[in-house]
Amino acid sequence: MEAKPIDLKRCAIHTRTNKPWSLAECCAAYAKRGVGGVSVWDDAYERIGSEEAKRIIDDHGLGVPALVRGGFFTSLTEQERDSSLDHNRKLLDDAAVIGADMLVLVVGATPGMSLVEARKLVTDGIEKLLPHTEQTGVKLAIEPLHPMYADNKSCINRVAEARAVCERLDHDLLGVALDVYHIWWDPDLKVEIETLGIAGRTFGFHVCDWKLDTNHLLTDRGLMGDGVIDVRGIRGLVEASGFSGWTEVEIFSERYWAMDQNEYLDLIVERLKSST
Ligand code: ZN
């Protein structure tokens with residue numbers, strides 16, 4: 001499926017991508033290059049607060065696809081799980097103030113707990129968040145993570161497992177964030193993207209690349225075009241399935257964080273056009 005040319009106004013960049021910059025520096029630089037949105041990580045506003053963050057973002061006329069990130073529903077004790085739910089409720093409140101469309105959920109996994117048990121806790125936890133989700137109007141997007149994270153970060157690895165939770169809870173404000181880094185290898189990817197799209201459950205689309213010679217699986221992600229993922233092909237599938245939301249650049253990279261961030265951002269914009 002051939003994707004249409006990218007529209008920068010419908011692209012957003014995660015603040016973590018330009019980690020050395022403050023939220024204000026990110027927003028100014030994105031707006032200057034015609035990038036339409038910013039997805040806000042919690043550390044980007046923790047010192048200034050959500051209202052000041054909203055003011056900065058509005059000053060630059062940017063949209064906010066996502067607040068990143070909530071979740072972590074699989075603690076061993078009920079007390080810890082309750083406190084995690086309270087933290088998620090606070091994040092939903094922040095997302096509402098900031099004007100984020102969704103809160104991205106990294107669902108959690110706990111060493112020693114079976115993945116089946118962990119998935120039950122995830123479904124329970126999300127169900128308990130839904131009333132607050134309705135109050136705030138902020139969507140919840142489950143992000144399946146690559147199976148390398150099944151040990152302690154996410155018991156939801158394939159798109160199908162994220163879809164199963166959505167179908168079980170069947171709520172308009174619950175969907176999935178698709179990140180090419182986590183899903184590109186999935187043999188069912190095409191049919192899963194189509195099924196999610198038809199159900200209107202694809203809420204987010206994150207891009208980066210998987211480098212062949214990666215030296216760290218968390219902090220050596222590639223820029224689109226650096227690696228093996230057919231990012232444009234996946235975008236074509238996602239858009240053909242009915243998704244018309246943002247394309248979000250989310251890259252954690254010590255190598256790119258060490259660069260001059262303005263030069264790096266120019267490269268991101270170039271790769272959005274050439275390789276996304
Ligand atoms: Zn992501």
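1. In this predicted model, Asp209 makes contacts, leaving aside residues up to four places away in sequence, with Arg221, Gly222, Leu223, Met224, Gly225, Asp226, Gly227, Ile229 and Val231. Asp209 itself sits in the loop between β7 (202–207) and α8 (231–240).

2. Is Asp209 buried or exposed? Because 24 C-beta neighbours lie inside 10 Å, Asp209 counts as buried, the cut-off for that class being 20 or more. A further relation concerns Thr276, which is 67 residues from Asp209 in sequence, while the C-alpha atoms of the two are 9.9 Å apart in space.

3. Which residues of α3 are buried? They are Asn88, Leu91, Leu92, Asp94, Ala95 and Ile98, and because they cover an arc of only 160 degrees around the axis, they lie on the same side of α3. As background, an α-helix has 3.6 residues a turn, so residues three or four places apart point the same way. On the other side of α3, the exposed residues are Glu78, Gln79, Ser83 and Asp86.

4. The buried residues of α3 pack against several elements, namely the strands β2 (37–41), β3 (66–71) and β4 (102–106), together with the helices α2 (50–59) and α4 (115–136). Leu103 touches Leu91, Leu92 and Ala95, and its contacts also include Leu67, Gly70, Val138 and Leu140, again not counting residues up to four places away in sequence.

5. Leu103 is also among the residues with the most contacts inside the largest nonpolar core, which has 85 residues; the others named there are Val38, Val40, Ala100, Ala141 and Val176.

6. For the chain as a whole, the secondary structure comes to 10 helices and eight strands, and buried residues make up 49% of the 276 residues. Of the contacts with a separation of 6 or more, 80% are between residues 24 or more positions apart.

7. The overall dimensions can be checked in a similar way: a compact globule of 276 residues would have a radius of gyration near 19 Å, and the chain has 18 Å, which agrees. Taken along the principal axes, the C-alpha atoms fill a box of roughly 45 × 40 × 35 Å.

Notes:
Residues are numbered from 1 along each chain as its sequence is written. This is a predicted model: local features need pLDDT of at least 70, side-chain atom pairs count only at pLDDT 80 or more; totals for chains, interfaces and linings use all residues. A residue is buried if 20 or more other C-beta atoms lie within 10 Å of its own, exposed if 12 or fewer, and partly exposed in between; C-beta atoms are placed from the backbone. Helices (H or I, at least four residues) and strands (E, at least two) are DSSP runs, numbered from the N terminus. The arc is that of the directions from the helix axis to the C-beta atoms. Two residues are in contact if their C-beta atoms, placed from the backbone, lie within 7 Å. The radius of gyration is taken over C-alpha atoms; the globule rule is 2.2 Å times the number of residues to the power 0.38. A nonpolar core is a set of buried Ala, Val, Leu, Ile, Met, Phe, Trp, Tyr and Cys residues joined through C-beta atoms within 7 Å.
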